[in-house]
Amino acid sequence: MSDTGHFSEDYFAGLIPARDELLLELEEEARREHIPIVGPVVGSLLQLLALCTGSRSILELGTATGYSGLYLARACAELQGTLVTLESSPELAERARANFRRAGVENHVQVLEGGAVETLHAHADQSFDLAFLDIDKEAYEPALDQCRRVLRPKGLLVVDNTSFPQAAELNSVVYNDSSWQSVQLLSYLPGHSPEKDGICLAMKVE
């Protein structure tokens, strides 16, 4: 019988994916300014999911300074696709644009300013292969309806921070609604804010 022991969190903290200078700079900036970011583990997961699913049209709700968007935009650049990312703060949106330019992926990114739900209403004709939801948790449930509307059938939704109490309504809807096929993961995520959190992966069934 195999050993039922397991490695410590310190062990997995030593397996964080490598980052370039720009991402490391944004991580330090986030620590200094108390900007919550997904960190290198979730960022790398997003990039892998985008590449593995061949997602050429990606929607991100919640840009901040562009940290998670850089991972998604780099996948788009490799696939010759486009990331549309939504940010309610004009100041953060401009900082994100500057970071996308520094990374050389600005031709694959469209940063839209405004509230996520309202902005998606104004872009009703677009369809996306993958959506990443990471905005104020109180807006998760209404944003979920918009994500379902714009995702193509079999499109993938990734939701961050699903261990937050404010995400409970979204978690319930995704779990009980037959139009989603979903899995919830409670994870240790070094560099994430917070480092122990939930992530939801949900496929739009129809």
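Biologist: What should I know before I start?

Modeller: The model is predicted, so local features need pLDDT of at least 70 and side-chain atom pairs count only at pLDDT 80 or more, while totals for chains, interfaces and linings use all residues. Residues are numbered from 1 along each chain as its sequence is written, and side-chain values use heavy atoms, with hydrogens and water left out.

Biologist: How many salt bridges are found in the whole structure?

Modeller: General idea first. Side chains of opposite charge can pair when their charged atoms come close. The cut-off: a side-chain nitrogen of Lys or Arg within 4 Å of a carboxyl oxygen of Asp or Glu. Here the search finds 15 salt bridges.

Biologist: Which residue does Arg 95 pair with?

Modeller: Glu 29, with the closest N and O atoms 3.2 Å apart. The pair links distant parts of the chain: Arg 95 is in helix H5 (residues 90-103) and Glu 29 is in helix H2, 66 residues apart. Helices (H or I, at least four residues) and strands (E, at least two) are DSSP runs, numbered from the N terminus. Arg 95 and Glu 29 also belong to a network of salt bridges with Glu 33 and Glu 91.

Biologist: Is Glu 29 buried or exposed?

Modeller: Buried means under 20% relative accessible area, exposed over 50%, and partly exposed in between (1.4 Å probe, protein chains only). Glu 29 has 13% relative accessibility, so it counts as buried.

Biologist: Which strands hold Arg 152 and Asp 129?

Modeller: The side chains of Arg 152 and Asp 129 meet in a salt bridge (2.7 Å, N to O). Arg 152 lies in strand S5 (residues 151-159) and Asp 129 in strand S4 (residues 128-133), so the pair ties together parts that are 23 residues apart in sequence. Arg 152 is partly exposed at 28% relative accessibility. Asp 129 is buried at 16%.

Biologist: Now pockets. What volume does the largest pocket have?

Modeller: The test runs on a 1 Å grid over the protein atoms alone. A pocket is an open set of points where a 1.4 Å probe fits, with protein on both sides within 12 Å along at least five of seven lines. Lining residues have an atom within 4 Å of a point. Here the largest pocket has a volume of about 600 Å³, counted as the space filled by probe spheres set on the points, which are joined across faces, edges and corners.

Biologist: How many residues line the largest pocket?

Modeller: The lining has 31 residues, and Gly 62, Ala 64, Asp 134, Ile 135 and Asp 136 lie nearest the centre. Helix H4 (67-79), strand S2 (82-87) and helix H6 (116-121) each give two or more residues to the lining.

Biologist: Where is Gln 80 found?

Modeller: In the loop between H4 and S2. Gln 80 has a positive phi of about 60° although it is not a glycine. Gln 80 is exposed, with a relative accessible area of 54%.

Biologist: What is phi near in Lys 154?

Modeller: It is near 70° in Lys 154, a positive value in a residue other than glycine. Lys 154 sits in strand S5 and is partly exposed at 48%.

Biologist: Which peptide bond is cis?

Modeller: The bond from Ser 193 to Pro 194, with omega near 0°. Pro 194 is in the loop between strand S6 (180-188) and strand S7 (196-204).
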